[in-house]
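Subject: Structure handover

Hello,

Here is the structure we talked about. My notes follow below it.

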Amino acid sequence: MATMPASASDLLKSFKLKTKQQELLIRVSILCLVYILAFITRLFSVLRYESMIHEFDPYFNYRTTLYLTENGFYDFWNWFDYESWYPLGRIVGGTLYPGLMVTAVLIYRILRFLRFAVHIREVCVLTAPFFASNTTLVAYFFGKEIWDSGAGLVAAILIAVCPGYISRSVAGSYDNEGVAIFALLFTFYVFVKAVNTGSLAWSLASAFGYFYMVSAWGGYVFIINLIPLYVLVLLITGRYSMRLYVAYNCMYILGMLLAMQIRFVGFQHVQSGEHMAAMGVFFLMQVFYFLDWVKHMLSDTKLFQAFLRITVTSAVAVGGIALGLGMVSGYISPWTGRFYSLLDPTYAKDHIPIIASVSEHQPTAWSSFMFDFHILLFLFPAGLYFCFKRLSDATIFIVMYGLTSMYFAGVMVRLILVATPAVCLISAIAVSATVKNLTVLLRSKNKVVQTGSTKGSGGSKSSSKALLDQSQPFQKNGAIALLFGAFYLLSRYATHCTWVTSEAYSSPSIVLAARGAHGNRVIFDDYREAYFWLRQNTPQDAKVMSWWDYGYQITAMGNRAVIVDNNTWNNTHIATVGRAMSSYEDEAIEIIRSLDVDYVLVVFGGVTGYSSDDINKFLWMVRIGGGVFPVIKEPDYLVNGEYRVDKGAAPKMLNCLMYKLCYYRFGEMMTEYGKPPGYDRARGVEIGNKDVKLEHLEEAFTTSNWIVRIYRVKPPNNRW
Amino acid sequence: MGKFWVIFVASISILLPFLCNSFSPETPTDRRVLVLLDDFAVKSSHSSYFNSLKLRGFDLDFKLADDPKIALQRYGQYLYDALILFCPSVERFGGSVDVAAIINFVDSGHDLIIAADVNASDLIREVATECGVDFDEDPSAMVIDHTGYAVSETEGDHTLIASDDYIKSDVIIGSKKIEAPVLFQGIGHSLNPVNSLVLKVLSASPSAYSANPLSKLSTPPLLTGSAISLVSVVQARNNARILITGSLSMFSNRFFRSGVQKSGSSTKYEKSGNEQFLTELSKWIFHERGHLKAVNVKHHKVGETDEPALYRINDELEYSVEIYEWSGTSWEPYVTDDVQVQFYMMSPYVLKTLSNDKKGLYSASFKVPDVYGVFQFKVEYQKLGYTSLSLSKQIPVRPYRHNEYERFIPTAYPYYGAAFSTMAGFFIFSFVHLYNK
């Protein structure tokens with residue numbers, strides 16, 4: 001008994017770690033906490049609503065994942081879906097990025113193998129948070145690679161809670177972006193690692209990372225353009241090295257070959273204008289290498305200068321001619337509209353209304369930058385400053401990534417997501433460098449006081465700073481104040497992120513929540529009510545026409561064929577639906593019959609005040625319809641350029657199918673106390689046409705809050 | 001107990017033929033007919049026509065039009081298969097019958113005969129309007145024909161018309177030629193141009209017009225010439241058949257028996273064509289003729305027998321359907337050479353005439369077009385007088401699977417060669433480069 005305390009203290013002593021080990025322990029435990037934090041901060045939606053799939057696109061992803069689990073990979077690969085885009089159908093296997101589904105099914109299989117009896121839906125719901133957690137690890141290693149492990153830790157923490165990323169990766173947001181940001185950051189990290197080390201293995205890893213990214217998201221185009229741009233900048237700034245040569249060539253060639261295995265991408269890497277930059281830089285690298293070799297062989301600099309001039313001009317000329325020939329012969333496809341609209345933000349608005357109509361393709365407002373980045377917006381320039389102060393191949397990369405993605409984030413709201421990792425990394429550098437400088441200052445000061453020596457613990461810079469600072473008064477207090485300021489800001493950031501996540505980004509948008517008159521939470525579950533009605537009450541082969549936004553949800557939840565859906569591949573088909581919605585009823589019925597439509601579904605927010613309904617989207621239907629069928633003219637629906645639904649509305653507006661379907665029998669309805677019947681709460685006006693009569697359609701179902709209204713197409717008159 | 005059984009069996013044996021003989025898809029001929037009359041005198045004055053129906057096995061139920069007990073349906077079941085309205089002057093039907101009830105009766109697949117007359121009531125006009133014809137608005141107007149009238153005792157009465165301008169369809173009016181003209185005396189009607197289903201079976205001659213014969217013609221008549229229809233039929237989209245005429249008397253025994261001589265013609269017929277015309281027409285109306293059914297729609301790949309859930313592009317397939325015609329007593333094979341099948345997706349990609357084996361089996365084989373999507377096999381058979389057949393069967397067509405493409409294409413051999421020679425060259429190069437120092 002007496003020996004016990006002694007042995008216990010021995011044990012404690014043996015546990016006592018060295019400083020290095022302590023640091024490692026702290027680092028690992030921080031990373032573990034961040035890993036868990038990143039996961040649980042995304043679970044608000046599950047706690048508040050239920051474990052469900054959100055929004056629009058995730059429903060398609062979920063449906064395909066379900067198909068993949070049930071039918072296996074080859075059936076999935078060859079899946080021809082005849083329930084969407086009736087009657088054209090869609091080759092699903094060849095028109096999607098399968099990375100997400102395959103990942104989810106892989107996780108599902110592993111869990112099943114480990115005897116966890118989970119449902120595939122749970123896996124799908126939690127895929128995005130899981131990958132967000134993994135992203136924090138990548139961010140840590142990336143930060144470590146470009147700056148130091150402190151910056152890595154800060155980057156991991158920042159990205160774990162950054163709203164810009166959370167907006168696309170909450171539980172239930174089962175979308176490509178959920179895994180793609182992980183793949184994107186991983187590819188960049190491994191590529192930077194390959195450039196730093198010149199290792200073929202890292203380069204190979206980056207090719208596989210790129211392959212995963214290609215399989216997961218169309219945003220891979222960003223990688224295949226950013227990396228060549230980066231290489232080009234390195235070449236121009238005279239940072240060409242063998243490391244770069246190995247890293248880029250291996251990554252490009254193998255990545256390209258691997259990417260060709262994805263059916264949806266196919267030969268685009270050699271045939272599409274968007275991928276030509278990478279190929280051009282690849283050839284340029286070879287020219288550079290060749291010149292390097294010639295320079296090595298030739299000792300005469302003058303001769304080499306002449307040779308250089310000839311070679312470069314001829315190489316550029318050959319490349320230009322090849323590109324021109326490819327473009328003219330149609331072998332190389334021109335840039336797509338989406339790409340153009342990135343480079344020229346006004347392009348889509350003028351030329352492709354279907355791209356401009358999507359709310360997440362709108363230019364970003366300043367407020368949403370603030371909302372999504374908070375203090376990172378101020379730390380970002382500071383981080384850039386630090387990067388420029390310590391330029392290396394890695395920091396050049398992160399600077400370029402940050403600047404280009406920031407530009408794209410300004411063009412399209414949804415691309416804030418792409419910018420988020422860069423912003424977090426650069427801000428982390430700023431935070432880490434500042435905090436480090438300040439703490440070094442505090443510590444070295446102590447040392448100065450204690451030992452009387454001017455030798456700082458940091459590098460020569462900090463020691464010189466310490467020297468300089470010795471003359472300044474209150475410098476220690478200033479540093480402490482600054483540190484407190486930094487921590488205050490960071491804690492505000494954490495609070496803001498949690499608040500944004502809980503308030504703004506955890507709504508499934510399929511179930512709507514509002515505050516009632518007494519501050520209580522009111523849930524509108526109308527969408528699911530309508531889709532389950534469709535599933536239960538309509539014939540198996542019924543076709544439902546609605547605006548394309550709801551297509552994925554109708555097929556996934558209602559299990560009925562739709563005319564158009566969120567995969568907007570056929571503009572004409574969408575325009576036909578837009579035309580039907582914006583025509584008079586007797587013209588629309590011709591289109592409806594020609595498409596064999598049995599039910600028409602509209603979303604209407606006039607009773608609840610839900611503003612993203614079909615009446616507010618209606619002008620886009622007119623524009624998209626008018627883009628293909630010039631009989632539909634936008635001015636017919638406007639009064640003096642103003643869009644209105646009240647008495648002063650345009651006559652065509654008051655009698656078009658969409659208006660009739662939304663406001664059918666609405667004129668009898670009292671929506672708000674003290675307002676006349678037929679008062680539209682979403683637009684705050686009394687509607688102009690209260691006496692809506694339908695001839696060829698009849699009301700089949702209206703949900704409890706009138707958000708979804710379904711109409712049945714009547715058969716042709718029996719005796720006429 | 002025994003007494004109960006006797007009553008039960010007796011009632012069953014009385015009811016059984018009644019129950020079995022009703023209209024059904026299998027035996028489409030009508031059996032139970034409700035006849036609504038203005039007064040029961042019509043029952044005897046038109047007995048020839050009714051007897052011909054009875055002889056053909058119809059069960060006629062005569063009721064006064066304002067009888068408060070009449071009802072078309074009870075407990076959601078229709079009591080009759082067809083309705084004859086020989087009550088031109090009724091202002092209001094008795095019981096639960098009204099215009100909407102009659103229209104619903106037709107819209108649920110039952111047949112209707114309407115005979116109006118001069119001074120036809122608004123009610124009858126309304127029913128006719130719902131069926132796509134408009135009687136002359138002047139209530140006292142009659143069809144007058146100063147050249148095509150029937151010679152009769154009362155000289156100068158040109159409202160009794162002898163018409164032989166029939167529709168050219170053996171299905172509707174029978175294959176036997178109607179020799180004598182048909183006598184008509186009554187109100188004319190015109191077809192609603194919007195209605196595409198109504199057909200003129202007996203039209204007035206070009207010299208006819210519709211006006212009040214007793215008053216002087218002050219304004220030009222609204223209805224003139226062959227725009228006037230004397231007898232019209234409608235075959236609704238659900239194949240319910242309707243006969244509309246403006247003359248009740250053309251069904252009468254008097255018209256059936258009287259001889260006829262058309263003015264300007266020397267031939268005098270012993271007997272008017274009314275009996276033959278109306279009897280044949282009633283056979284069509286009551287589905288004893290011209291009723292088709294299509295059964296056993298089948299399609300499968302050539303060389304197989306099972307129906308696939310979907311086809312692949314460029315598959316060879318066979319489509320077959322059996323079409324029968326109801327002869328009044330049994331289903332006979334329908335033989336024709338103009339039935340076509342469409343392979344349809346927004347527009348027909350394949351349009352092919354079906355060949356038949358004279359036993360009712362129609363078939364065609366064709367190749368699925370090189371387009372994927374959701375197609376339909378469509379047979380839209382609409383022939384004058386026959387019930388319309390509208391068959392459509394949805395079938396998706398998928399593209400090739402990844403392993404259904406040709407694997408070793410000769411034109412690809414240079415590429416294979418290039419790939420393998422590069423591999424070999426690289427190997428040799430590495431070998432030489434590494435060991436040739």
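Which residues of chain B does the UniProt annotation "domain: OST48 middle" cover? The annotation, from an unreviewed entry, covers residues 299–436 of chain B. UniProt positions are in the numbering used here, feature names are shortened, and annotations may be inferred rather than shown by experiment.

First, the ground rules. This is a predicted model, where local features need pLDDT of at least 70, side-chain atom pairs count only at pLDDT 80 or more, and totals for chains, interfaces and linings use all residues. Residues are numbered from 1 along each chain as its sequence is written, chains are lettered from A and ligands numbered from 1 in the order in which they are written, and side-chain values use heavy atoms, without hydrogens and water.

Chain B
- Chain B has nine helices and 27 strands (DSSP runs, numbered from the N terminus: helices are H or I, at least four residues; strands are E, at least two).
- Residues 299–436 of chain B are 17% helix and 43% strand, with end C-alpha atoms 70 Å apart.
- Along the principal axes, the C-alpha atoms of chain B fill a box of roughly 130 × 75 × 40 Å.
- Of its 437 residues, 49% count as buried (under 20% relative accessible area, 1.4 Å probe, protein chains only).

The interface
The contact involves 30 residues of chain B and 19 of chain A (heavy atoms within 4.5 Å). Together the two chains bury about 2200 Å², 57% of it on carbon and sulfur atoms (accessible area lost on being put together, 1.4 Å probe, summed over both). B:Met346, B:Val374 and B:His402 supply 24% of the area that chain B buries against chain A, more than any other three residues.

Chain A
Residues 28–426 of chain A carry the UniProt annotation "domain: Oligosaccharyl transferase STT3 N-terminal", from an unreviewed entry. That stretch of chain A is 74% helix and 1% strand. Helix H26 (residues 551–558) of chain A has eight of its eight residues buried. Its cover includes helix H4 (57–77) and helix H25 (526–537) of chain A. A:Asn559 follows H26(A), with a positive phi near 60°.

Best regards

Note on methods: Buried < 20%, exposed > 50% of the residue type's maximum accessible area, 1.4 Å probe, protein only.
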